[in-house]
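Hi,

Here is the structure I said I would pass on.

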Amino acid sequence: MGPLRRHGDFRLLLLGRGVSFLGAMVTYVAIPYQVYHLSGSSLLVGLLGLAELGPLLATAFLGGAFADAFDRRRMVQLTELALAGASGVLLLNAALSPRVWVLFVVAAVMAALDGLQRPSLEALEPRLVERDELPSAGALSSLVTTAGMIGGPALGGGLIAAIGLPATYGFDVATFAVSLGALRLMRAVPPPPDAERPSLRGIAEGFRYARGRPELLGTYGVDMVAMFFGMPNALFPALAVELGGGATLVGLLYAAPAVGGLLATATSGWVSRINRHGAAVCIAATGWGVGIVVVGLTPGVVLALVGLVVAGFADMVSGIFRGTIWNQTIPDRLRGRLAGIEQVSYSTGPLLGNVEAGVVAAVAGVRASIVSGGVLCIAGVAVAAALLPAFRRYEAAPVASGA
C-alpha cells in the first residue's frame with residue numbers, strides 16, 4: 001500500500017482508472033447483449049470483434065508513439081473525454097430507436113480511442129512512483145483492474161435486467177465524470193527532454209526492437225494463438241439462453257474469468273520462484289484451453305462458471321509471466337511504443353477469436369464452437385511452443401541479492 005500513501009497522483013490515477021474501467025466493463029457486456037437481443041445472431045456478435053480490430057490496429061502504434069512524445073496525462077484525458085461522448089451515443093441509440101449498425105460504429109470508434117489511450121495509460125504509472133515501488137504499484141493496478149472485470153460484467157447484467165439498456169449506458173457515462181475529475185487534479189507528466197517526436201521511423205524502431213527479442217515475439221505469438229482459438233465471449237449471450245438464463249447470467253459468464261484472475265493474483269507468491277518464464281506462459285495458455293473445453297462440455301450453469309474461472313486463473317498466470325518478461329526487457333525510452341505493440345498482441349487474438357467463435361457457432365452450433373475452440377487452443381499452443389524454441393527455453397536472469 002506504500003505507493004498509495006506516498007503519491008497523490010498515483011492515488012488519483014488509480015481512483016479514476018478504477019471507476020472508469022468499471023463503467024467500461026458494464027458497456028462491454030451491454031453492447032454484445034444488445035446486438036444479440038436485436039438480431040438473435042451469435043455471428044453478428046462475433047463480427048463486433050472484426051469491427052473493432054481494424055481501428056485498433058490503425059491507432060495502437062500511433063498511440064504508442066504519442067505516449068513517448070507527449071504529456072501522457074493529457075493523452076489519457078483527451079481520449080477519456082472522447083470515450084465519454086461515445087458512451088453518450090450508445091445511451092441515445094438505446095433510448096430512441098436502437099440500431100445494430102450504430103452499435104458497430106460506436107464499438108469501432110471506442111476501439112480506436114482505446115488504441116490511442118492504452119499506451120499512454122500503461123506508460124504513465126511508472127512516472128508516478130519510485131522505481132522500487134513498481135511491483136507494488138503494478139499489483140495495486142492489477143487488483144483494481146481485476147475487480148472491475150469481476151464487478152463490471154456482473155453489475156452490467158444486473159443493471160440491464162433491472163433498469164434497462166439506456167440507464168445502463170447512462171451509468172457508464174456517469175463514471176467518466178470521476179475519471180476526468182481525477183485526471184484534472186493530477187499534475188502534468190511531460191515527456192523527457194530528449195523525447196523524439198512521433199514519426200514512422202520511431203514506430204519502426206519499436207518494431208525492430210521487438211523483432212530482435214525472441215522472448216517478446218513468443219509472448220505475442222502464444223497469447224494470440226490461444227485467444228484466437230479459445231475465445232468464446234461472443235457466444236455468452238447464446239450460451240446463457242441454452243443454460244436457461246437471461247441478462248444476469250450473461251453478466252456472470254463475462255465476469256467468471258476475472259474471478260479466476262483474482263484468485264491467481266491473490267495466490268501468486270509462487271511465481272517469483274519460477275525462472276522458466278517462457279515455458280510457464282506456454283503451460284498457462286494450455287490451461288486456458290482446458291478450461292474452455294470444460295465450459296463447452298458441461299450441461300449446467302455451475303460447472304460452466306467453474307470452467308471459466310479455471311480458464312481465467314490460467315490466463316492471469318500467463319499474463320503475470322508475460323508482463324514480467326516485458327518489464328525486464330524493454331527500455332523506458334521505448335516503453336510507449338512497445339506498449340502499443342503489446343496492446344495489439346493481446347487484443348488481436350480475442351477480437352479475431354470472437355469472430356472465429358461466431359462463425360463456427362453459425363455453422364456447427366454454440367457448444368461445438370466452444371469445445372473445438374478449446375481443443376484447437378491446446379493444439380495451437382503446442383505447435384507455437386515447438387516453433388519457438390528460444391521462447392520456450394527463455395529463462396529470467398536471477399535477481400542479485402539485495403537488488
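Predicted model: local features only at pLDDT ≥ 70, side-chain atom pairs only at ≥ 80, totals over all residues.

**Helix packing and an aromatic cluster**

Let's start with two helices: H3 (residues 42-69) packs against H5 (residues 100-124) at an angle of about 30°, and their axes are 6 Å apart. Angles under 35 degrees count as roughly parallel, so that is the label for H3 and H5. The crossing of H3 past H5 is right-handed. As for what sits in that contact, its residues divide into 18 nonpolar, 5 polar and 1 charged.

Now the rings. There are 3 aromatic pairs in the structure. One of them joins Tyr28 and Tyr254 edge-to-face, at 5.4 Å centre to centre with 75° between the planes. Tyr28 belongs to helix H2 (residues 8-39) and Tyr254 to helix H11 (residues 247-266), so this pair ties together parts that are 226 residues apart in sequence.

Are these two tyrosines buried or exposed? Tyr28 has 35% relative accessibility and so counts as partly exposed, while Tyr254, at 7%, counts as buried.

Tyr254 also pairs with Phe236, again edge-to-face: the centres are 5.0 Å apart and the planes are at 80°. Here too the pair links distant parts of the chain, with Phe236 in helix H10 (residues 236-242) and Tyr254 in H11, 18 residues apart. Phe236 is buried, at a relative accessible area of 1%.

Put together, the ring pairs link Tyr28, Phe236 and Tyr254 into a cluster.

Cheers

Methods: Residues numbered from 1 in each chain as written. Heavy atoms only, no water. Axes fitted to C-alpha atoms, helices over the stretch in contact; angles between N-to-C directions. Helix = DSSP H or I, 4+ residues; strand = E, 2+ residues; numbered from the N terminus. Parallel < 35°, antiparallel > 145°, perpendicular 65-115°, else oblique. Left-handed = near helix turned anticlockwise from the far one by under 90°. Nonpolar A, V, L, I, M, F, W, Y, C, P; charged D, E, K, R; others polar. Phe/Tyr/Trp six-rings, centres within 6.5 Å; stacked < 30°, edge-to-face > 60°. Buried < 20%, exposed > 50% of the residue type's maximum accessible area, 1.4 Å probe, protein only.
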